[in-house]
Amino acid sequence: MEDTDTIRVILANVLAAAGYDVIEAADGVTGLMLAESADPDLAVLDLHLPDISGLEIARFFHQRLPFFVLTMDSESEPVKKCNELGALGYLVKPPDLDMFLRQVQIALKRGRENLHLRNALRETQVTCKAIGFLMAHHHLSEEASYQKLLEFATLHKQRIVEVASDMFEALRYLQAKADKPAKEFPKGLIKILDLLKKSAQPNA
């Protein structure tokens, strides 16, 4: 059986030949640094690294970076733990190269789908928080609060989640800079003050 470095080089060459941009890491520390700086679409994680447990890296990747694993034993406890941490699959070393490429394609597709779902959930949460804020602090109904956000977003050609995010940023700025006049607000947030002011008018 080829050693870990040999397998890494072979798989990197296979990916490059298939048209993928590839960055390589020979150890866990380098892999973590590259994951932070390069923000790859997918990580191929070898569970048998010379410095750090592959399971520890999988814990870091959990909900941050799509990944699948290479292992010497598909029945091992680390593989089960990686699956629980969101691994998109696994292959036993040395992997069949055609199967490896198919696994990469599947993992990339699933990774993009998961990212879209997480982003949609985050956007929904931010929008709901904004609606809740307008309801609680300005005595508006849920429908009236949503309409305020929708009207403001339409007027300024923004998405509702962008308005909601800007609103919370403006509120944080108000709390931190309570003694600052509005003219000192970041230029991009000044328009949000109008939304906050108008939302205080019941049924407006």
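At what angle do helix α1 and α5 pack? The two helices meet at about 65°, and their axes lie 11 Å apart. This report starts from that pairing and then walks through other parts of the structure, which is a predicted model.

**The overall layout**

Let us step back for a moment. The protein contains 8 helices and 3 strands. Followed along the sequence, these elements come in the order α-α-β-α-β-α-β-α-α-α-α. The chain has 204 residues, and 35% of them are buried. Among contacts with a separation of 6 or more, 50% are between residues 24 or more positions apart.

Helix α5 covers residues 97-138, while helix α1 covers residues 4-17. Helix α5 also packs with α6, and α6 is made of residues 142-155.

| Helix pair | Angle | Axis separation |
|---|---|---|
| α1 and α5 | about 65° | 11 Å |
| α5 and α6 | about 120° | 9 Å |

The crossing of α1 and α5 is right-handed. On the α1 side, I10, L11, V14 and L15 make the contact, and they meet L97, F100, L101 and V104 of α5.

Where α5 passes α6, the crossing is right-handed. Here α5 contributes T127, A130, I131, L134 and M135, and α6 contributes E142, S145, Y146, K148 and L149.

One residue from that list is worth a second look. K148 sits in helix α6, and with a relative accessible area of 11% K148 counts as buried, because the cut-off for that label is under 20%. Its C-alpha atom is 9.9 Å from that of I160, a residue 12 places away along the chain.

**Around D46**

Which strand holds D46? D46 belongs to strand β1, which runs over residues 43-46. Its relative accessibility is 9%, so D46 is buried too. What does the side chain of D46 meet there? One of its polar atoms lies 2.8 Å from the backbone nitrogen of H48. The D46 side chain also joins that of K93 through a polar contact of 3.0 Å. Leaving aside residues up to four places away in sequence, D46 touches T4, G54, L70 and K93.

**Aromatic rings**

How many aromatic pairs does a search of the whole structure find? The search turns up 3. In one of them, F61 and F67 are tilted relative to each other, with 5.7 Å from centre to centre and 50° between the planes.

K129 lies over the face of F168, 5.4 Å from the ring centre.

**Looking back**

Helix α5 packs with α1 and with α6.

Methods:
Residues are numbered from 1 along each chain as its sequence is written. This is a predicted model: local features need pLDDT of at least 70, side-chain atom pairs count only at pLDDT 80 or more; totals for chains, interfaces and linings use all residues. Side-chain values use heavy atoms; hydrogens and water are left out. Rings of Phe, Tyr and Trp (its six-membered ring) pair if their centres lie within 6.5 Å; planes under 30 degrees apart count as stacked, over 60 as edge-to-face and the rest as tilted. A charge sits over a ring if NZ of Lys or CZ of Arg is within 6 Å of the ring centre and within 35 degrees of the ring normal. Helices (H or I, at least four residues) and strands (E, at least two) are DSSP runs, numbered from the N terminus. Buried means under 20% relative accessible area, exposed over 50%, partly exposed in between (1.4 Å probe, protein chains only). A polar contact is a pair of N or O atoms within 3.5 Å; within protein, one must be able to donate a hydrogen and the other to accept it, and residues adjacent in sequence count only if both atoms are side-chain atoms. Contact means heavy atoms within 4.5 Å. Axes are lines fitted to C-alpha atoms, for helices over the stretch in contact, and angles run from 0 to 180 degrees between N-to-C directions. A crossing is left-handed if the near helix is turned anticlockwise from the far one by less than a right angle, and right-handed if clockwise.
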